[in-house]
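Morning, everyone. The structure is on the screen now.

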2 protein chains.
Amino acid sequence: MKSKFITLQLGIKKNKTDGLLIFLPDNSYTQIISTLNKFAAAPVIISKKNISKANPKYIFINSGNANACTGKEGFDNVNKILETLSSKLNCKTHEIIIMSTGIIGRQLPIEKIYKAIINQKFNKYSSLKESAIAIMTTDKFPKYKTKTYTIASKKIHFRGICKGAGMIEPNMATMLAFIETDVKLDKKNMKKCLQYCSNLSFNSISVDGDMSTNDCVSFTTTNTIDINLNNQKILTKFLECASDFFITLSSLIVKDGEGATKVIELNVINSKSLTAAQQISRKISHSLLVKTAMYGEDPNWGRIIASLGSLNDLTIDISKVKLFINDILCFSDGIPKDAGSKKLSQSMKKNNIKIIIDLGIGKHSQSLYFSDLSHEYVHINSEYTT
Amino acid sequence: MKSKFITLQLGIKKNKTDGLLIFLPDNSYTQIISTLNKFAAAPVIISKKNISKANPKYIFINSGNANACTGKEGFDNVNKILETLSSKLNCKTHEIIIMSTGIIGRQLPIEKIYKAIINQKFNKYSSLKESAIAIMTTDKFPKYKTKTYTIASKKIHFRGICKGAGMIEPNMATMLAFIETDVKLDKKNMKKCLQYCSNLSFNSISVDGDMSTNDCVSFTTTNTIDINLNNQKILTKFLECASDFFITLSSLIVKDGEGATKVIELNVINSKSLTAAQQISRKISHSLLVKTAMYGEDPNWGRIIASLGSLNDLTIDISKVKLFINDILCFSDGIPKDAGSKKLSQSMKKNNIKIIIDLGIGKHSQSLYFSDLSHEYVHINSEYTT
């Protein structure tokens, strides 16, 4: 048994699917990770409470309206949706997870949504692609993926949908994802896997460095395939496969990053601590100068070095710092190396750019994927007027 | 006696002034604040040492080349310039402060500079404007200012030059400033004034959130006017005037911020701590979404609130947060207020935008000036190719 999807027309968007109901199979188990934003939306807050009470049976998603910064009315609307759904689906309200994505600060058209749910027969299932389309906001393409891996001679499966392209016009909440596997997982491994893989994927992507009020990743296991995760080697292999899938799916968001023309993989290696590596990768990936240089296909290592150096609280030994762009050494021993070479300039024309910063003072590392900053980004994000 | 300026043609830029020698008067006293970047340029590091040894007699500035990330040769070149100047000017090498601004990672054309200094007669003084022009890199206009204030019935004077427009094409070091007053200041008050005023001005402006390898503010008093700063009231008044001057001068940099069309004044008030207020103002002023919204003249308060909320380590009571744009209340009690009003939209067309975030939980506040993010910014910062 796999999860089933039904796309809905809730009337938030005009003549488009803007809702998705996911039927989680019996025996499945689901966990979520959601935004730490102080202004977390009503659906995020209520879903967190619900999942602490019971393992969910349904996930309901609406696009086009984030139901964030909407005060008491926002919470009332979530409760109304949950009550309507629970009586239709014959379950408890807290057995439903709800996610919303779209404009911040507007109330949901609750009467339209109520009627759409009431009139829905829930008898025609939708494909993964149709489901991915229903949760899009300003995404340029639907984001969905299925992948099969082999562990200990057994085929295991992952599939998922996500949406996100930055926080945009006028205020779109960034990122939602639903991921499912058939690998049998106990609560502990489930939690471990979701946290580990999210850190390497959805928490390691950067389009514009802004954190949304609605981010949520849900992870479901249908508990159908047992690969003996008590075996440490198998567990390690499983986490490798799972993180590969999470990264594959989350990379689609960077690729769709508003106006993005390039995906940049930034690896900070041999750092004294993981925290330091994370701070550095975030700082550099947020640098407008680095992002515009990438867009301009300019191997502008000086901007990366200046951004690194601006983290003056960190222990960095300048003489040990090595910077590689597309595997070409640009900076070491405190001075420029091959930075002006034709080979390097040529390599900048690729769609995927790889930056390695070797700090040379420890054993920790952090990888992060980010997009460049283009004319299109400014266009998309500035041209909305009320 | 005031400082005197001589602009120079060092041969770094083609047929343009690219050097400035400042003759600090006898009895003057000078202090500097410089970048905390780990990759601070050779001139910054040597100037810090010099000023710890002696009160400077001269300041030498070159534009067009930052002499940053240039290794041992970079330091050797600074020493060569200092030796050449000191023998010409008959002073000790450590009595000269040296600042450089321009491209990162290239060696200075030291032979040209050496010859230019040797052949210089140092007999024709330059105006403040000419001096400001000589230190420009990608600045669109020269930045200089003189201002007179009255304290305790005495006229006091400030004048200054600065340069800076972001860190740019290909790698320009951001910001240099020379400020002079005639108010008599002891070491303690000098330090206090420079730190206090820089925090309110040069440390509170943001074009792109990047910190350069070469930033340096120097502050000189000619010690000619005594206004009895032992009197607490007079000291307070003096600090007000001084910070007004620092802010006036530094605002020119925001105004010239690469491609900037607006100067945004962000006031975070009633914060629990100063650190929190600073963190919030920096986070919001660096938000690409906020910056592009300002460019698009979009009163997009949701982006400001989402950016504030993303600082999840801070104590923020959502129900107490009030957000004003151009003195119009947009958000309070956790919900939107006048955000959709025509009056608000109209007000966004102004060149100067004012944002107030009232946290309502303390007594600390922080003001910061930042620029918007325009097409022109992306254009300037991406179109350089090696």
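Is the crossing of H1(B) and H2(B) left-handed or right-handed? The crossing of these two helices is right-handed; a crossing counts as right-handed if the near helix is turned clockwise from the far one by less than a right angle, and left-handed if anticlockwise.

Before the rest, the ground rules. This is a predicted model, where local features need pLDDT of at least 70, side-chain atom pairs count only at pLDDT 80 or more, and totals for chains, interfaces and linings use all residues. Residues are numbered from 1 along each chain as its sequence is written, while chains are lettered from A and ligands numbered from 1 in the order in which they are written.

Back to chain B. H1(B) covers residues 42–53 and H2(B) residues 71–89; helices here are DSSP runs (H or I, at least four residues), strands likewise (E, at least two), numbered from the N terminus. Their axes come within 9 Å and cross at roughly 50°. Axes are lines fitted to C-alpha atoms, for helices over the stretch in contact, with angles from 0 to 180 degrees between N-to-C directions. H1(B) and H2(B) are therefore oblique to each other (under 35 degrees is roughly parallel, over 145 roughly antiparallel, 65 to 115 roughly perpendicular, the rest oblique). Ala42(B), Pro43(B) and Ile46(B) of H1(B) make the contact with Gly74(B), Phe75(B) and Val78(B) of H2(B), contact meaning C-beta atoms, placed from the backbone, within 7 Å.

The second pair is H8(B), residues 288–295, and H9(B), residues 301–309, with axes within 9 Å and a crossing of roughly 160°. H8(B) and H9(B) are therefore roughly antiparallel, and their crossing is left-handed. On H8(B) the contact residues are Leu289(B), Val290(B) and Ala293(B); on H9(B) they are Arg303(B), Ile304(B) and Ser307(B).

Now chain A. Four strands form an open sheet in the order E1-E2-E4-E5, with mixed pairing; two strands pair if DSSP finds at least two bridges between them. E1(A) and E5(A) stand at the edges with a single partner strand each, so one side of each has no neighbour in the sheet. Neighbouring strands of this sheet are turned by 15° on average, direction ignored. E4(A), residues 58–65, runs parallel to E5(A) over eight bridges, and Gly64(A) stands opposite Gly102(A).

Further along, E11(A), residues 263–271, has two pairings to look at. Seven parallel bridges join E11(A) to E15(A), residues 352–358, with Val268(A) opposite Ile357(A). Seven bridges also join E11(A) to E16(A), residues 364–371, in the antiparallel sense, where Val263(A) partners Ser371(A).

How values were computed
Two residues are in contact if their C-beta atoms, placed from the backbone, lie within 7 Å.
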